Amino acid sequence: MSLYRFMIAFFAWLLISTQPVFAQALPNPIPEPERVTRAISGTLQLGMQRRGFAANDHRFMNTVARVGPKLSSAAIGGTAAAVTLGAVTAPAWATVAIVAGIGTVVTYAVSLGIDALVDWWFRDDGLIDQSSAENSAYPSHAFNAGDRVWTYKDWQGEWHYGANADALAREYRYTDMKRLGYTDISEPTCFADGTTNYWCGNYKVSLSGTAPVSCGAGMQAIGSNCASFSYPLPSSFPDMDGLTAQQAISNLSDEELNKPLNPVLVAALANLAWQQAAQDPDYDGLPYPQADPITKAEASTWTQANPEFTPTVRDFVAPNPTTNSVSNPWSLPSNPIAPDFNPATPNTGTTNPATDQPLQNLGPDPGIGAPTLEAIPTAQQIMQPILDLMSDFRGYTPSPHAGECPRPTIELYGTHVLDAHCILIDDNKAIIQAAMLLAWALIALFIILSA
């Protein structure tokens with residue numbers, strides 16, 4: 001028994017004593033705003049590669065190094081508003097985006113996250129207009145005739161069919177309460193009861209019918225006819241104009257903060273910083289493709305390939321203070337998926353072997369002038385030798401020749417003169433001459449070409 005207790009105590013001591021070692025072996029979690037930084041760098045580099053620029057081009061990494069200061073100048077310069085989230089107060093990527101002018105790139109109300117319920121419109125005056133986004137789960141999905149669908153029978157005895165239980169149940173409750181005279185219809189509590197029934201308040205739909213007709217997305221079937229829904233979309237974000245960044249961020253729920261960041265915002269920041277960096281007189285990076293900017297699809301491609309570095313809405317709005325490992329948290333890393341966060345630096349040519357070689361003095365300048373080139377001949381000068389060939393034949397004219405058509409005679413029952421062929425030739429002299437001239441020209445051409 002004592003040995004048993006000794007073994008328990010030994011393993012307990014071993015576990016406690018090695019716990020710090022295990023903790024040190026685990027990688028440190030990436031700071032939340034840093035995921036946005038990595039996503040911008042990765043999207044920027046992917047965009048340059050897809051536009052035909054090789055990574056070994058010295059301008060490639062120079063572009064990454066020059067783009068970072070354009071983003072950091074808004075934060076380091078003190079013009080980006082500081083926001084507070086928890087116990088940290090510092091500028092966030094959201095406020096840096098406002099100062100950098102993201103509203104000139106994204107000129108519409110954009111959802112912060114994928115399938116988010118809130119849209120932000122970045123105004124020119126630094127404020128934000130908030131509106132409720134349309135949830136991608138609404139309205140209902142399309143369905144085909146014969147599909148198993150959700151159903152209910154209304155007060156008129158008509159059957160309603162739909163592929164989305166929540167949409168159909170909301171429609172049932174909303175239309176019936178409107179019929180009963182309710183004007184202020186609250187947001188219902190909708191739930192599945194674990195069977196084939198789905199409820200919104202006291203209104204139930206059942207997965208027990210077969211669609212009599214095919215209807216498109218956003219439609220229900222009433223009898224054998226397709227009809228649209230009339231219930232209002234659920235909204236938890238009231239429309240508000242002129243919010244400060246702190247006010248707009250404070251309105252976000254934890255559910256919205258944890259959604260993946262909309263790749264439109266990542267692509268917009270990459271485009272904005274690249275465009276502004278390329279306008280500097282001393283810029284030594286790649287030219288900004290004005291007619292072919294980085295797209296949302298390219299930002300999505302990078303985040304899908306690196307899911308562990310995919311930023312969330314929380315990363316976008318979280319304060320981004322200076323850390324010990326990164327003196328400038330807004331600089332873009334040269335390798336966005338590397339374990340250590342090392343901002344990119346431009347190519348300074350430190351490996352040039354000529355720096356270690358002394359300059360050789362080759363003596364005084366001999367004063368040799370630039371070489372001269374002959375004048376370019378004209379077309380007439382190029383063709384003249386050919387035109388001068390066989391000049392004696394250029395004025396050749398054939399000697400005149402007079403001939404007479406032979407007219408033979410036959411003595412048979414009298415004297416007969418055969419001159420019908422002469423009459424035929426004389427009447428068609430011009431045609432025969434033209435034909436013979438063409439034949440002579442063709443024969444001469446074949447002789448020349450075969451030489």
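This is a predicted model: local features need pLDDT of at least 70, side-chain atom pairs count only at pLDDT 80 or more; totals for chains, interfaces and linings use all residues.
Local features need pLDDT of at least 70 and side-chain atom pairs count only at pLDDT 80 or more, while totals for chains, interfaces and linings use all residues. Residues are numbered from 1 along each chain as its sequence is written, and side-chain values use heavy atoms, with hydrogens and water left out.

Five aromatic pairs were found in a search of the whole structure. Rings of Phe, Tyr and Trp (its six-membered ring) pair if their centres lie within 6.5 Å; planes under 30 degrees apart count as stacked, over 60 as edge-to-face and the rest as tilted. Trp 120 and Phe 122 form an edge-to-face pair, with ring centres 6.0 Å apart and planes at 80 degrees. Both residues are buried (under 20% relative accessible area; exposed is over 50%, partly exposed in between; 1.4 Å probe, protein chains only).

Tyr 152 and Tyr 172 are stacked, at 3.9 Å centre to centre and 15 degrees between the planes. Tyr 152 belongs to strand β6 (residues 148-153) and Tyr 172 to helix α5 (residues 165-179), so this pair ties together parts 20 residues apart in sequence. Helices (H or I, at least four residues) and strands (E, at least two) are DSSP runs, numbered from the N terminus. Both Tyr 152 and Tyr 172 are buried. With Tyr 203, they form one aromatic cluster.

Cys 422 lies in helix α12 (residues 420-427). Its relative accessible area is 1%, and Cys 422 is therefore buried. Beyond its neighbours within four places in sequence, Cys 422 contacts Cys 405, Pro 406 and Arg 407 (heavy atoms within 4.5 Å). Cys 422 and Pro 406 are 16 residues apart in sequence, with 7.7 Å from C-alpha to C-alpha.
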